[in-house]
Amino acid sequence: MRLRGFITAWVLLALFGVQGAEGPVQDIAAKAAVNPSVEVGEPVPIQRTIILQRVYLDGEMSEETIEETIISMDDFWRKYDKWLLVDQNDSQLVFQTYVDDISPLLKGNGYFGIKADGTISIFNGKPVKDQVIQSFYQIDMKKLESRQQTELLKGVKIENKERYNQFLEAYKPYSISTMKTLH
């Protein structure tokens, strides 16, 4: 129990520190860290804000905030073992994960289109100049068939990850930088 108490105290100190901190967790952690022979009794629950960030294939990020009561550090880390800890302080921990799919925003309202300068972009809704979510590469509109030009001007609904990838690959040969390297 003494070794486990010392390890628990060390983890608490590493996570939340004791400099200028006050409270039952910090008191127990400080005592156990200074004197490993001090036995740590029942775990003292601590409250932390947990922020879960999901980064999608299209670059969008969603964020979920959870108030978590931590009783067992082992259980806590096990719960978030598939997440990457990217930031922490005395009151919150920020975890991140990569989602190999397009974001809910794109699935619901994303359209591929073309900006006035010929840049392939994703719009929030049908293409309007102020609604650009993300831009990719500039293409030579003169090289496109008239059907393709009309399609880009009207907007192409992004339905899923496969359509997203297919669209970008289909128009990549028309990108100005690709065309320069081919000549």
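**Strand pairing and helix packing**

Q: What is the bridge partner of Tyr111 in strand 8?
A: Tyr111 has Lys157 as its bridge partner in strand 8. Strands (E, at least two residues) and helices (H or I, at least four) are DSSP runs, numbered from the N terminus.

Q: What kind of model is this, and how are residues numbered?
A: This is a predicted model, in which local features need pLDDT of at least 70, side-chain atom pairs count only at pLDDT 80 or more, and totals for chains, interfaces and linings use all residues. Residues are numbered from 1 along each chain as its sequence is written, and side-chain values use heavy atoms, with hydrogens and water left out.

Q: How many bridges join strand 5 to strand 8?
A: Two bridges join strand 5 (residues 110-114) to strand 8, and these strands run antiparallel. Two strands pair if DSSP finds at least two bridges between them.

Q: Which helix packs on the sheet and touches strand 5, strand 6 and strand 8?
A: Helix 5 (residues 146-154) does, touching strand 5, strand 6 (119-124) and strand 8; contact means heavy atoms within 4.5 Å. The direction of helix 5 makes about 130° with that of strand 5. Axes are lines fitted to C-alpha atoms, for helices over the stretch in contact, and angles run from 0 to 180 degrees between N-to-C directions.

Q: What is the strand order in that open sheet?
A: The order is 7-6-5-8, with antiparallel pairing. Strand 7 (132-138) and strand 8 (156-157) are the edge strands.

Q: Now the sheet with mixed pairing: what is the order there?
A: That open sheet of four strands has the order 2-1-4-3. Its twist averages 25° from one strand to the next.
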